[in-house]
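The sequence and the structure are shown first.

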Amino acid sequence: MGLRPGSPDCHCQDSATFEMAAEESQPLLSSRKPSEQWLLPAESVPVLDVYLSKVQNRKLYLATFAALLGPLSFGFVLGYSSPAIPDLKKISDPKLRLDTNEASWFGSVVTLGAAAGGILGGCMVDKVGRKLSLMLCSIPYVSGFTIIISAQNVWMLYIGRILTGLASGITSLVVPVYISEISHSKIRGTLGSSVQLMVVTGILGAYVAGMALRWRWLAVLCSFPPCIMLVFMSFMPETPRFLLNQKKRTEAMAALQFLRGSEVDHEWECRQIETHAEEQHRLSVAEFKNPSIYKPFLIGVALMFFQQVTGINAIMFYAETIFEEANFKDSRMASVVVGSVQVFFTAVAALIIDKTGRKVLLSLSGVIMAISTAAFGLYCKVILPNPQNSSQSDLLTTLNSASVAAENNLAWLAVVSLGLFITGFALGWGPIPWLVMSEIFPLQARGISSGACVLTNWFMAFLITKEFHDLTGFLTSYGTFWLFSVFCILNVIFTVLYVPETKGRTLEQIEAHFRRSPAP
Ligand code: BGC
């Protein structure tokens, strides 16, 4: 029997390939044991599957591509400091020349701007909408880079970095939300993971361009992606969910027509979202007592915390030094190698995530990172035999000392563990926290909860990059990497116990899952 979307005869609206969907409101499915839900009779082929089989994704890809120019811009911001700092340290103008302390602020202040961007983005995304928030980001991006290009002193460089950081913070919130709200459950994982793919592509782009361009011209180049994003986004629709929440039904239908092609019953998807949107009301603080609000909130914030305590930003910061030690003479080339490994494995994750699911990749990624940070800790322990001497400067001195590693013949261990770590991060803990953040929050709490996630992520990134030196002084360098390793093990335990599997589910089903789950 051909099931028409919206047909009253059809009881089930969702894919039979996961338990949660089956739990939800379908008498036909909920009476079955989870194992039986995989063996549904042919006549109950889910309506969602029928609907999705007719969807044309071309324009959805186009809208995703336009939005992804945002994370590409934010990757350029993150990657910019690595090639620019050596230039700015050597510059002849004393008013612009950075000393070591100023260089570290120039690198890290962007994370503080991004943390502020999380708060601002959380307010904007619900007030002015997803599309306009993203378009507005181009203002701080371009003005930040313009201030850097025309900088006359170090303060102008800092202000430029803070502004580009602010734009990055807003982008890191808005783009995952925009993409998850315009996609459908079949490809949401791949499209959502492309956010991280574009971030790491932007980082790599800045590293590669930095080999040829001086810091001012590099800043000129970095200001292009946000301008192109602004132009492309102006032709793309707002998300149907935001529009329906604003009671703009006609615009929502037009957006669905654009995103899904002409073959499907847009009215059906519109009604699915609408029914849900009608149940939503304004969020009050008291509602954070409600498990359907606070559970996803805590999971999202914890994911961001755990992503940063893997030590990713500290390790990326030291990557060049580690490669130098292993006799990679050109440290800029080493950054390009690290960046390429990230891009490659993030692309692999994006391609497989809708098949493997989020939990498997997160767990695998956590295990790989736990092993590689433990191995790197071991490497530090062997080349730093005396813990009393392992102060913060020892780490740098030792990492800079090719002779110590050569004597111990252990440089390979450093390079292999670093490569493994980057691979592990790219496969799971890089893309998935951002993806899950965009999937698990109920519509009315999406802005505020995503804002809290972005704030946590960037604030932790700031703390770890800024305090890494002190931590190695306090715990020794191997102790610090073993601490990262312990956190990676905790990441895996947290994933197994608390992270919901969102593969194949619609956003409405995910929300229903949290509504049903009992309070502790
Ligand atoms: C993280 C950043 C990190 C970047 C590059 C992002 O997912 O949030 O802190 O610098 O990936 O790997």
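In this predicted model, helix H20 covers residues 411–429. Its 19 residues, at 1.5 Å a residue, should span 27 Å, and its end C-alpha atoms lie 26 Å apart, which agrees with that expectation. Of these 19 residues, 15 are buried, so H20 is largely enclosed by the rest of the structure.

The protein chain as a whole contains 24 helices and 0 strands. Its overall values are as follows.

| Property of the protein chain | Value |
|---|---|
| Share of the 520 residues that count as buried | 59% |
| Share of contacts between residues at least 6 apart in sequence that join residues at least 24 apart | 83% |

The largest nonpolar core comprises 121 residues, and Tyr-80, Phe-106, Leu-157, Trp-215 and Met-233 have the most contacts inside it. Helix H4 (residues 58–90) provides the largest share of this core, namely 14 residues. At least three residues of the core come from each of domain 1 (55–236) and domain 2 (287–520).

The surroundings of Leu-157 can be given in detail. Apart from neighbours within four places in sequence, Leu-157 is in contact with Leu-88, Leu-96, Leu-98, Phe-106, Ile-148, Ala-151 and Trp-215. Two of these partners, Phe-106 and Trp-215, are themselves listed with Leu-157 among the residues with the most contacts inside the largest core.

A second, separate core has 8 residues, including Leu-243, Ala-252, Cys-270 and Ile-273.

How values were computed. Residues are numbered from 1 along each chain as its sequence is written. This is a predicted model: local features need pLDDT of at least 70, side-chain atom pairs count only at pLDDT 80 or more; totals for chains, interfaces and linings use all residues. Side-chain values use heavy atoms; hydrogens and water are left out. Helices (H or I, at least four residues) and strands (E, at least two) are DSSP runs, numbered from the N terminus. The expected span of a helix is 1.5 Å times one less than its number of residues. Buried means under 20% relative accessible area, exposed over 50%, partly exposed in between (1.4 Å probe, protein chains only). A nonpolar core is a set of buried Ala, Val, Leu, Ile, Met, Phe, Trp, Tyr and Cys residues joined through side-chain atoms within 4.5 Å. Domain bounds come from an automatic or database domain assignment. Contact means heavy atoms within 4.5 Å.
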